[in-house]
Amino acid sequence: MGKTKGLLCFAVCMALASASPVFAAEEKKAFSDEGELSYVQTSGNTEVTTLAAKNQAKYRFTESILGTWKAGALYSKTSGTTTAENYFTDLKLDYQNTARLYSFVNAGWMRDRFTGVDERLYGGLGEGCKFLDGPHNFLVGEVSLLYVSDRYVNDTRKSYLSGRAFAKYTYAFTEKDKFSQSVEYLHNFEDAKNYVVNSETAVIASLTSIFSLKSAYVVKYVNEPVPDTLKKTDSMLTVALVVNY
């Protein structure tokens, strides 16, 4: 329970941070934050504890430069046995070249032992385009090159050059009520069969000016998991409370 309590504290801190007015009035225009939190605990015939938390903070340094920090955690325990554990953090810096085109650099860390990855470090650069930019339809596409260093749960390691293609479509019913669909493709240039496809389908419904409810269906496909005894496809359906600041 110590790990569960620690993760819960981490998630609550991220949610509180997203709702705390810690910036001066002029900085509020530049800073935005969105936190997601879901927690379920049952006892009796089946003891299940599930915690999921994400946070995305953005800060606009200038009209052309935008910084984004994403972090998240997922933890699940069933009858005293850990059944899911995933952590990640990602830093990204965008430079707006034109109204629609932008360049970016990013770096991050990830751990997901139940999909075979004990530790992943990556960094790279890329280009993005806002194909559609509102008021109701939004479509963003990105391509990038990444250097990836993996350590797997079977104590093997791989370092390789990876290509990333990403697209996200959003339909905004209102400013806070939205539907989105994103697809990400990761390609290993040293082993073409070692590719990954991630997909998220999400609906966000506003509850108040600050709180929203998000339902999401996430699919992760790894064509060559390590070790090869793991399943290639993982899927997850989540419902989370979203806090916007």
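Start with the aromatic rings: this predicted model has six aromatic pairs. Let's visit some of them.

**Stop 1: F31 and Y245.** Select these two and show their side chains. Their ring centres are 5.9 Å apart and the planes meet at 55°, so you're looking at a tilted pair. Angles over 60 would count as edge-to-face and those under 30 as stacked. Now colour by strand. F31 belongs to strand β1 (residues 31-42), while Y245 is in the segment after β12 (233-244), so this pair ties together parts that are 214 residues apart in sequence. Buried or exposed, what is F31? F31 is buried, at 15% relative accessible area. Y245 is partly exposed, with 26%.

**Stop 2: Y102 and F104.** Hop over to this pair next. Here the ring centres are 6.2 Å apart with the planes at 40°, so these rings are tilted too. Y102 is buried, with a relative accessibility of 4%, and F104 is buried with a relative accessible area of 4%. What sits over the ring of F104? It's the charged end of K92, 4.6 Å from the ring's centre.

**Stop 3: a tyrosine cluster.** Select Y185, Y195 and Y221 together. Ring pairs link these residues into a cluster.

**Stop 4: S38.** Go back to strand β1, where you'll find S38. Its relative accessibility is 17%, so S38 counts as buried, the cut-off being under 20%. Which residues does S38 touch, once you skip its neighbours within four places in sequence? Select T50, L51, A52, V239 and A240: S38 is in contact with these.

**Stop 5: two cis peptide bonds.** Zoom in on the backbone between G134 and P135. The bond joining them is cis, with omega at about 5°. P135 is in the loop between β6 (117-133) and β7 (137-152). Then jump to V226 and P227, where the peptide bond is also cis and omega is near 0°. You'll find P227 in the loop between β11 (211-222) and β12.

**Stop 6: positive phi angles.** Select S79, in the loop between β3 (65-78) and β4 (81-96). Its phi is near 50°, a positive value in a residue other than glycine. D155 isn't a glycine, yet its phi is positive, about 70°. Is D155 buried or exposed? Its relative accessibility is 69%, so D155 counts as exposed.

Methods. Residues are numbered from 1 along each chain as its sequence is written. This is a predicted model: local features need pLDDT of at least 70, side-chain atom pairs count only at pLDDT 80 or more; totals for chains, interfaces and linings use all residues. Side-chain values use heavy atoms; hydrogens and water are left out. Rings of Phe, Tyr and Trp (its six-membered ring) pair if their centres lie within 6.5 Å; planes under 30 degrees apart count as stacked, over 60 as edge-to-face and the rest as tilted. Helices (H or I, at least four residues) and strands (E, at least two) are DSSP runs, numbered from the N terminus. Buried means under 20% relative accessible area, exposed over 50%, partly exposed in between (1.4 Å probe, protein chains only). A charge sits over a ring if NZ of Lys or CZ of Arg is within 6 Å of the ring centre and within 35 degrees of the ring normal. Contact means heavy atoms within 4.5 Å.
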